[in-house]
Amino acid sequence: MENYSQEISIRPMEEADYEKVFELWKTIKGFGIRSMDDSREGVLRFIRRNPGISVVAEAKGRIVGAILCGHDGRRGCFYHVCVHEDFRQRGIGKSMAVFAMKALQEEHINKVCLIAFKKNEVGNSFWKSVGWTFREDLNYYDFVLNDENITTFQ
């Protein structure tokens, strides 16, 4: 692996980043990619609706981390938070989260949430270590509106 120390930049995700972000997602073990929501069209629709809030970490032109971030006017939400395995334990995830949370604050959003799969030990450990609260007082429900939006796991 090349030496990327001190050369990581955290910046808003741009439409042109999609292919590199998608390639990153495919490297993340256990990562779920939806056929429609995570397609180029689906992701670009999301970042256009939430401009300047999603974030990438870039090292020498390579996307090594990403967070899809948006809000509904009341609460922010992180989706597909990831850092390439070779770049973990360097503060990249925390820096991206702080960047996105500051962007949410600028939009007058006061709370942010995320969902981590129970089997995602790395992610769950990370979120607890940076001060996020694990909620035991609620249940999460969803309802599929389009059965063609198939999830595949890496």
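**Labels and their cut-offs**

Tutor: In S5, Tyr79 is the bridge partner of Leu68. The model is predicted, so local features need pLDDT of at least 70 and side-chain atom pairs count only at pLDDT 80 or more, while totals for chains, interfaces and linings use all residues. Residues are numbered from 1 along each chain as its sequence is written, and side-chain values use heavy atoms, with hydrogens and water left out.

Student: What makes S4 and S5 a pair of strands?

Tutor: Strands are DSSP runs of E with at least two residues, helices are runs of H or I with at least four, and both are numbered from the N terminus. Two strands pair if DSSP finds at least two bridges between them. Six bridges join S4 to S5, therefore they pair, and they run antiparallel. The two form a hairpin with four residues between them, and Gly73 in the turn has a positive phi of about 95°.

Student: In which sense do S5 and S6 pair?

Tutor: S5 and strand S6 (residues 112-114) pair in the parallel sense, over three bridges. The bridge partner of Cys77 in S6 is Cys113.

Student: Why is S5 called largely enclosed?

Tutor: Buried means under 20% relative accessible area, exposed means over 50%, and partly exposed lies in between (1.4 Å probe, protein chains only). Six of the eight residues of S5 are buried, so the strand is largely enclosed by the rest of the structure.

Student: Why does Phe78 count as buried?

Tutor: Phe78 has 3% relative accessibility, which falls under 20%, so Phe78 counts as buried.

Student: What makes Phe78 and Trp132 a tilted pair?

Tutor: Rings of Phe, Tyr and Trp (its six-membered ring) pair if their centres lie within 6.5 Å; planes under 30 degrees apart count as stacked, over 60 as edge-to-face and the rest as tilted. By this rule the count comes to nine aromatic pairs. Phe78 and Trp132 are 5.5 Å apart, centre to centre, with 45° between the planes, so the pair is tilted. This pair links distant parts of the chain, 54 residues apart: Phe78 is in strand S5, and Trp132 is in the loop between helix H4 (121-129) and strand S7 (151-153).

Student: Why is the pair of Phe126 and Trp127 called edge-to-face?

Tutor: Their centres are 4.8 Å apart and their planes 75° apart, which is over 60, so the pair is edge-to-face. At 24% relative accessibility Phe126 counts as partly exposed, whereas Trp127, at 9%, counts as buried.

Student: How do you know that the charged end of Lys128 sits over a ring?

Tutor: The rule asks for NZ of Lys or CZ of Arg within 6 Å of the ring centre and within 35 degrees of the ring normal. The charged end of Lys128 is 5.3 Å from the centre of the Phe134 ring, and it is classed as sitting over that ring.

Student: Which residues touch the most other members of the largest nonpolar core?

Tutor: A nonpolar core is a set of buried Ala, Val, Leu, Ile, Met, Phe, Trp, Tyr and Cys residues joined through side-chain atoms within 4.5 Å. The largest has 20 residues, and Ile67, Cys69, Phe78, Ile92, Met96 and Leu104 touch the most other members. Strand S3 (55-59), strand S4 (62-71), strand S5 (76-83) and helix H3 (92-106) each give two or more residues. H3 gives the most, with six.
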